[in-house]
Amino acid sequence: MPKAWQDGQALMWRGEGETIRVEAYGPDVLRVRGVPAGAFSDEPFALLDPLPAEPVITITDEQISIRNGLLEATLGAKKGELTFRRTDTGELLLAEKPIDALRPQREYRCLSDGDLRRLSVRFDAYAGEKLFGLGQHPNGTLDQKHQVIDLAQYNTDVVIPFLLSSRGYGLLWNNPSQGRVEMTEFQTRWVSDGSYQVDYLVLTAPGPAGLLERYTALTGRSPMLPEWAAGFWQCKLRYHSQEQVRQIVRKHVQELGLPMSVMVLDYFHWTKMGEYKFDESRWPDPEGLVQELAELGVKLVVSVWPTVSRVSEVFQPMSDQGLLLRTNSGVLSTTFAADTGFVGRPYQCIYDPSNPDARAFVWSRIREGYYQRGVKAFWLDACEPEMHPPHYDNLRYHAGPGVAVSSQFPKWHQQTFYEGLRGEGEPDGEILTLGRSAWAGSQRYAAAVWSGDIPSTFDSLRRQVRAGLNLMLCGIPWWTTDIGGFNGGVQADEGFRELLIRWFQYGVFCPLFRLHGIRKHEHPWGFDMANWTGGDNEVWSYGEQAFGILREQLFLRERLRPYVMEQMKRASESGLPPMRPVWFDFPQDASAWTVEDEFLFGPDILVAPVTEAGAASREVYLPAGATWTDAWTGEAHPGGQTLTAAAPLERIPVYLRDGADLPIRG
């Protein structure tokens with residue numbers, strides 16, 4: 001017969017060869033773990049230590065339950081299926097769902113690798129429920145209902161296994177393994193391809209803001225965004241020499257008088273992959289460059305990859321000390337990546353950031369090659385990690401089998417730099433890395449994310465709007481895209497100029513504001529990458545009309561920087577995302593839950609990007625419960641209506657909430 005008992009702050013249940021532990025993990029939060037045999041793992045994965053809670057556990061013939069603030073979980077006495085309700089209203093939030101009498105809601109299948117199991121958990125589906133979050137996925141939809149999302153990191157796909165439901169709950173799948181989540185009309189099913197135990201958390205709170213506050217209390221919050229990071233970032237693929245960078249920055253800042261906060265050096269400023277130092281034939285005085293840019297108000301950020309060339313000076317010591325990733329067969333894992341040490345695209349190895357010794361070794365090289373020369377901010381490219389093919393389940397980490405732990409790679413990599421910088425005495429509020437991926441909890445390592453190597457198309461721009469909002473709902477408040485898209489774009493093409501302008505206007509209202517991309521359609525792979533530099537990608541590179549519009553957008557962002565920093569302070573203190581769907585602040589407005597192509601930037605600015613070629617107007621929904629003032633005309637409109645807003649090429653629709661006094665027009 002099944003048995004239930006109390007163990008401190010946890011409710012325990014055993015039956016059908018399975019043991020379940022449901023414990024209070026903080027106010028209004030319950031953590032569920034399940035094993036078919038053996039002990040529970042206490043590995044925290046995404047989690048910080050539990051917060052104080054005062055659960056009430058009931059075990060009677062009529063009821064087996066644990067009540068924790070606003071959340072109560074009840075266990076079925078025979079199968080142990082869990083049902084979650086709000087305690088203040090009795091409202092059903094979600095429930096595990098047995099398929100039939102023979103197949104339970106939680107399934108475990110043994111694998112050949114020790115205690116690893118392929119496991120899954122099924123939950124019931126509900127009519128009208130909308131599901132958001134899960135990281136950043138360019139699938140073109142904000143509501144992830146009806147989607148199947150792979151739980152694996154790829155370029156442009158960032159996995160953070162946290163769902164926020166329109167029914168008023170959040171669910172964190174506390175599991176970094178490969179797998180998927182299926183959100184169908186029939187069920188929501190989480191699948192792990194290799195884990196030791198079921199591990200998920202359910203939380204509730206008053207409203208979406210409360211859910212993000214609860215979630216970030218569990219997984220951590222970003223420190224304060226550095227002031228320098230709130231301005232304009234200049235970047236392209238790629239600047240090839242110190243003199244070229246000096247000329248670009250001088251023209252932008254001194255000659256044209258334009259604001260710039262960051263200049264980014266993309267790859268091949270180094271000697272060989274993994275040596276983490278400047279190629280002094282092209283960068284003879286990095287300290288002088290850092291100092292000169294600083295005097296112009298510009299921070300230098302450099303690209304760093306987690307890859308190691310076999311002909312680099314660090315390869316042999318890293319291999320000998322076991323600091324490189326290997327496959328399940330024991331050979332070194334490899335990826336294709338061009339390097340100045342080879343012709344073409346050779347194989348590179350990848351370091352193992354789950355190994356503290358590997359993190360320390362890499363930081364020691366970063367410290368010597370960059371930090372001691374004045375570079376203190378880093379662009380962590382290809383940190384999924386990039387592999388061809390991306391068989392992450394074939395990796396063998398210091399922390400365990402790749403199938404079980406690989407989604408954490410970007411977070412470990414970000415930890416390398418955060419802990420390294422903190423160890424040098426750099427304070428929170430001055431540390432930032434920009435990465436191509438992340439996992440739950442990455443934000444506590446001062447990690448920003450950009451949306452990867454996306455195409456230069458209007459369709460891609462449409463997808464970025466939705467992808468960024470979903471990432472914002474997963475606790476990472478620092479996000480951006482390659483303005484103009486990464487792949488493609490010809491400077492003289494009028495269609496691309498229009499796209500770049502519209503993307504730039506959208507970028508003004510993103511947490512980070514960064515121009516980047518390959519221009520001219522020249523594709524470098526297979527050529528002499530060490531000497532190849534992409535087409536010009538500065539704001540003056542696209543003709544007089546475009547330059548005039550981009551110039552005004554630069555100054556608009558500069559005027560908004562105090563407002564941006566206010567939102568970053570809120571994010572750091574409470575987990576409130578600076579960029580969020582309109583329903584986030586207006587959850588009582590049913591129509592707001594259907595809006596996918598506009599967003600709030602902070603509480604006071606409603607932004608409606610233009611994502612159609614040739615458009616000179618677009619429809620905008622103004623949420624009910626506020627008065628909205630057209631930031632360009634000053635005309636006020638009551639909320640709860642859709643209107644057609646003018647969108648000439650020089651501007652996108654922007655509305656201010658309840659008379660907010662912000663310097664949109666200067």
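The charged end of Lys3 sits over the ring of Trp5, at 5.4 Å from the ring centre. This contact belongs to a predicted model, in which a search of the whole structure finds 32 aromatic pairs.

**Charges over rings**
- Besides Lys3 over Trp5, Arg514 lies over the face of Trp379, 5.0 Å from the centre of the ring.

**Aromatic pairs and cluster**
- Among the 32 aromatic pairs, Phe278 and Tyr370 are arranged edge-to-face, with 5.3 Å centre to centre and 80° between the planes.
- This pair links distant parts of the chain, 92 residues apart: Phe278 lies in the loop between strand 20 (262–265) and helix 3 (286–295), and Tyr370 in the loop between helix 5 (356–369) and strand 26 (378–380).
- Phe278 and Tyr370 are both buried.
- Trp583 and Phe584 form a tilted pair, with 6.2 Å centre to centre and 40° between the planes; Trp583 and Phe584 are buried.
- One aromatic cluster is formed by Phe278, Trp283, Trp363, Tyr370, Tyr371, Phe378 and Phe417.

**Helix 3**
- Pro286, Leu289, Val290, Glu292 and Leu293 are the buried residues of helix 3.
- Viewed down the axis of helix 3, these buried residues fall within an arc of 165°, and they therefore line one face of the helix.
- The buried residues of helix 3 pack against helix 2 (242–255), strand 20 and strand 21 (299–304).
- Gly297, which follows helix 3, has a positive phi near 80°.

Conventions
Residues numbered from 1 in each chain as written. Predicted model: local features only at pLDDT ≥ 70, side-chain atom pairs only at ≥ 80, totals over all residues. Heavy atoms only, no water. Phe/Tyr/Trp six-rings, centres within 6.5 Å; stacked < 30°, edge-to-face > 60°. Helix = DSSP H or I, 4+ residues; strand = E, 2+ residues; numbered from the N terminus. Buried < 20%, exposed > 50% of the residue type's maximum accessible area, 1.4 Å probe, protein only. Lys NZ or Arg CZ within 6 Å of the ring centre and 35° of its normal. Arc of directions from axis to C-beta. Contact = heavy atoms within 4.5 Å.
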